[in-house]
Amino acid sequence: MNWLKKTLDFGQKIKRFLKKRPSRQDIENSDWVSCCGPILKKDLENNLFVCAKCNKHHRMSCVQRFDTFFGKGNYQILNTPISNNEDPLLWKDKVAYSEKLKAAKKNTKQDCAIMVATGKINDIEVVVASANMAFLGASVSISEAEALVYAVQHAIDNNKSFINFCSGGGMRMMTSTIALNAGMVKTTLAINELKKKKLPYIVCLADPCFGGILASYASTADITLAEENCFAGFAGRKVIEGTLNEQLPLNFQSASHLLSCGFLDAEVHRKDLPEKIGLILSILLKKQSNVKMEDSGQTSENNIKTREAS
Ligand SMILES: [Zn+2]
């Protein structure tokens, strides 16, 4: 039966060859990306990483997010604290978590999935946090939570508004309840401190935003926006369909559906985000000035100038 085994093995080899997918390195070295068709990476970048044909808002790194939001060179990246014990459970499945973490840092050139920057939008000082899906699915663990808490503290100390571009698969299960405590509880408490200071907190959901992220700091904003064609929810579509044993509508968990349910305040194209967020901030800050005006008798104009200058 040796001949049969040889034939089967040869068949498997052909199958593997036909199914061979490009490696991460192949994809990185290519000038093209795949969407509804092939697009030159340069063309995609020039269009803010949005497909000109199907309007898909492609995922971006944190630096690319800051570049498209503030403009290149118009912001300053803040050094957020990195935990000196990122793998307290010494987690290991097929590959040790410490190895996965090392690879993610090397591939993304980031220390953790979330980066924080500060700059001006509509001449208003803001702190912006952004997550990178390429870093372990932008899942949140100790250092990511620390980055968000640092961003909030910086906003409070410097009287700035906080804008949080939220995306990711949820809390990082390799750090279990530590991730849940840091990522959900600690960040939510930090956001509450921001609100006590009456500083605006704006969330913009970016595709995909799921799990504990949506169940904590992504759902507690004064204004919640989403990029066009973004998907967000708690459990994933397949899990819900399996639990309910029924098929869900095609637009389930899409930004347009969330908007129709009242979960979102607006669905915005990426190119319009700086203008829309700038407008929202000026309205929110003016509204607060009007409240102050009644107390102090100052004009709202003066109050806005005072606040923006402070
Ligand atoms: Zn496309």
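This section describes the overall fold, the core, the helix packing and the backbone geometry of a predicted model.

The predicted protein contains 11 helices and nine strands, and its C-alpha atoms fill a box of roughly 95 × 45 × 45 Å along the principal axes. Of its 310 residues, 33% count as buried, and among the contacts with a separation of 6 or more, 66% are accounted for by residues 24 or more positions apart. The average pLDDT is 90, with 91% of the residues scoring at least 70. Over residues 288-310, however, pLDDT stays under 50, and the model has 20 contacts beyond four places in sequence for this stretch. Where pLDDT is low, the predicted coordinates should not be read in detail.

The largest nonpolar core comprises 63 residues, of which Cys204, Leu205 and Cys209 touch the most other members. Beyond its neighbours within four places in sequence, Leu205 is in contact with Cys166, Ala218, Ala226, Glu227, Cys230 and Ala232. Strand S7, spanning residues 201-209, also holds Pro208, which is joined to Asp207 by a cis peptide bond with omega at about -10 degrees.

In helix H4 (residues 62-70), the buried residues are Cys62, Arg65, Phe66 and Phe69. These residues lie on the same side of H4, because they cover an arc of only 95 degrees around the axis. In general, an α-helix has 3.6 residues a turn, so residues three or four places apart point the same way. Gly71, with a positive phi near 95 degrees, follows H4.

Helices H6 (residues 142-157) and H7 (residues 176-196) pack with their axes 9 Å apart, at an angle of about 10 degrees; the two helices are therefore roughly parallel to each other. On the H6 side, the residues that meet H7 include Ile142, Leu148, Val149, Val152 and Ile156, while those contributed by H7 include Ile178, Ala182, Lys186, Ala190 and Leu194.

Asn122 lies in the loop between strand S4 (114-121) and strand S5 (124-131), and is partly exposed, with 16 other C-beta atoms within 10 Å. Lys198 is found in the loop between H7 and S7, and is exposed, with 12 other C-beta atoms within 10 Å.

Notes: Residues are numbered from 1 along each chain as its sequence is written. This is a predicted model: local features need pLDDT of at least 70, side-chain atom pairs count only at pLDDT 80 or more; totals for chains, interfaces and linings use all residues. A nonpolar core is a set of buried Ala, Val, Leu, Ile, Met, Phe, Trp, Tyr and Cys residues joined through C-beta atoms within 7 Å. A residue is buried if 20 or more other C-beta atoms lie within 10 Å of its own, exposed if 12 or fewer, and partly exposed in between; C-beta atoms are placed from the backbone. Two residues are in contact if their C-beta atoms, placed from the backbone, lie within 7 Å. Helices (H or I, at least four residues) and strands (E, at least two) are DSSP runs, numbered from the N terminus. The arc is that of the directions from the helix axis to the C-beta atoms. pLDDT is the predictor's confidence in each residue, from 0 to 100. Axes are lines fitted to C-alpha atoms, for helices over the stretch in contact, and angles run from 0 to 180 degrees between N-to-C directions. Angles under 35 degrees count as roughly parallel, over 145 as roughly antiparallel, 65 to 115 as roughly perpendicular and the rest as oblique.
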